[in-house]
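Thanks for coming, everyone. Today I'd like to walk through some charged pairs. Please have a look at the model first.

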Amino acid sequence: MCSDRVRVRGRAVAALAAGVWIAAAAAAAEPPAFSGHRAFAWIDRQCDLGPRPPGSAALETLRRLVEAHADSLGLPVARLCFTARDPWRGGDVTLCNLVVSCGPAGGDRLWLGAHYDTRPACDQDPDPARRGEPLLGANDGASGTAILLHLMEVLAAAPPARGVDLIFFDGEDSGRSGDPRGFCLGSRHLAATWRDFPSPLAGGKPRALIVLDMVGERGLRIGKEGYSQAYAPELTSLVFARAASLRLTALVPEPATAVYDDHVPFLEAGIPAVDLIDFEFPQWHTAGDVPAVCDPASLTQVGRLVLSLCREPLPGF
Ligand SMILES: [Zn+2]
């Protein structure tokens, strides 16, 4: 990896496009709730672009969509690009993490992350003829990203008291199976370099990172992912306790598979991190990962949880 390129956009664009949403929230006096239906619309919008593997025109279109959404809401957004070896195709590929900041700049921060790239191939498809097709990634990629995109709306309307950075990771899912080095390229780069970037990333160390991956499946069931439980047991327990207090039944406080995901590089860097993931997903890395297998009710559960973590920080995190 080499040649970091950073572009930060400010609040130059007025929050005109978000006016209706913000006005509605202000009139209601109560802070807006998380809407699984609004988040689901963002799954559709991403999938309408087609598969979004690293380096593709569709992924660049999505990147611009995220940036335009942040601009319309008056939220600062940074594009953090670097060059990496493409683990799937070979050759160089430009990867870009995006960071959207909500609430006050500086001070203690909560990071919420999701990968917005999709896998270059449906290599687990039961039909060998389809294994060369790129993944649409309604659940694997778009679901966590959709929650972040809708959270931008909710947090812009009622900013959290503590700064929250929404991180869109590139290059999560292009590795060859059996070789973890090809996965999580964006998160590994950010875990190694975040102190080099402009504020707020270069401010204080984040208190915690919550990663959302494959959180949109119908019948969602999220257990305690193995690495999170092993290396951030206190944070994991508190997150599941918060879910229980909110009666979010999709979160089940039982041990679950350890998944090498975007939280691992941060755990290795000493940042407490939890991966919210339902890895028991029958359409994983198949052509069946389409919006029809996702459910707004699942997005509501995870969205309510992370919104609660934004508004009421966990003790110590
Ligand atoms: Zn995947």
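Start with glutamate 60 and arginine 64. Both sit in helix α3 (residues 57–73), four residues apart, about one turn of the helix. Helices here are DSSP runs of H or I, at least four residues, and strands are runs of E, at least two, numbered from the N terminus.

A word on the source. This is a predicted model, where local features need pLDDT of at least 70 and side-chain atom pairs count only at pLDDT 80 or more, while totals for chains, interfaces and linings use all residues. Residues are numbered from 1 along each chain as its sequence is written, and side-chain values use heavy atoms, leaving out hydrogens and water.

Back to our pair. Glutamate 60 and arginine 64 form a salt bridge, 2.8 Å from N to O. That term means a side-chain nitrogen of Lys or Arg within 4 Å of a carboxyl oxygen of Asp or Glu. Arginine 64 is exposed, at 55% relative accessibility. The cut-offs: buried is under 20% relative accessible area, exposed is over 50%, partly exposed is in between, with a 1.4 Å probe and protein chains only.

Next, arginine 79 and glutamate 67. Their side chains also meet in a salt bridge, at 2.8 Å, N to O. This one links distant parts of the chain: arginine 79 is in strand β2 (residues 77–85), glutamate 67 in helix α3, 12 residues apart. Arginine 79 is buried, at 8%. Glutamate 67 is buried too, at 2%.

Which residues join up in a network of salt bridges? Glu60, Arg63, Arg64, Glu67, Arg79 and Asp170. The whole structure holds 13 salt bridges.
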